[in-house]
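Have the structure open as you read.

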Amino acid sequence: MPKKPASPDYSGTEVVLVVDDDEAVRAVIVRALRDRGYDVLEAVQGEDAMKLLDVLHGRADLVITDMVMPEMGGAELIKALRARYPDLKILIITAYSREMVEAKGVLFPGALHLTKPFNVSRLAKTVREALDAQ
């Protein structure tokens, strides 16, 4: 019987900042990425993420952000990140379709979008794609 090829684990050691006000969603993302070796930081909303990145002098490899959050939402966060840290990679997670995100004007060239709900395998694959993108 032929062996089934091993499925990729999409692991890494990069620093990933997860920004989502939904504690359950954030916890699933954080655990899935930590289980794959990533150094994961968390923020509840945009202002918290900006403060954390300022302390780190922008030294994160990827920011994963939801679009709908209190105070500074995802669209505002992405615009602020692009202004302050133009080379920072961003993955947008949202229940909105890609077209709706594009209409908000925050889906810049090279940005990846992951529609909720998603499974952890799809998340891990998309995170690896975002980190490996040029």
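Buried here means under 20% relative accessible area. V19 has a relative accessible area of 0%, so it counts as buried. Keep in mind that this is a predicted model.

**Around V19**
- V19 sits in strand β1.
- Leaving out neighbours within four places in sequence, V19 is in contact with a list of residues that includes A43, V44, A49, V63, I64, M69 and L77.
- V19 and G73 are 54 residues apart along the chain, with their C-alpha atoms separated by 9.7 Å.

**Nonpolar cores**
- The largest nonpolar core has 21 residues, and L17, V19, L53, V63, L77, L81 and L88 touch the most other members.
- At least two residues of this core come from each of β1 (15-19), α2 (46-55), α3 (74-84) and β4 (89-94).
- The top contributor to this core is α3, with four residues.
- Another core, of 17 residues, lies apart from that one; Y38, L62, I64 and I93 are among its members.

**Salt bridges**
- The salt bridge count comes to nine.
- R128 and E14 meet through their side chains at 2.8 Å, N to O.
- That pair links distant parts of the chain, 114 residues apart: R128 is in helix α5 (residues 120-132), and E14 is in the segment before β1.
- R128 is buried, since its relative accessible area is 13%.
- E14 and R128 also join D132 in a network of salt bridges.
- E129 and K125 form a salt bridge as well (2.8 Å, N to O); because they are four residues apart in helix α5, about one helical turn separates them.
- R34 pairs with E42, with the closest N and O atoms 4.0 Å apart.

Technical notes
Residues numbered from 1 in each chain as written. Predicted model: local features only at pLDDT ≥ 70, side-chain atom pairs only at ≥ 80, totals over all residues. Heavy atoms only, no water. Core = buried A, V, L, I, M, F, W, Y, C linked by side-chain atoms within 4.5 Å. Buried < 20%, exposed > 50% of the residue type's maximum accessible area, 1.4 Å probe, protein only. Contact = heavy atoms within 4.5 Å.
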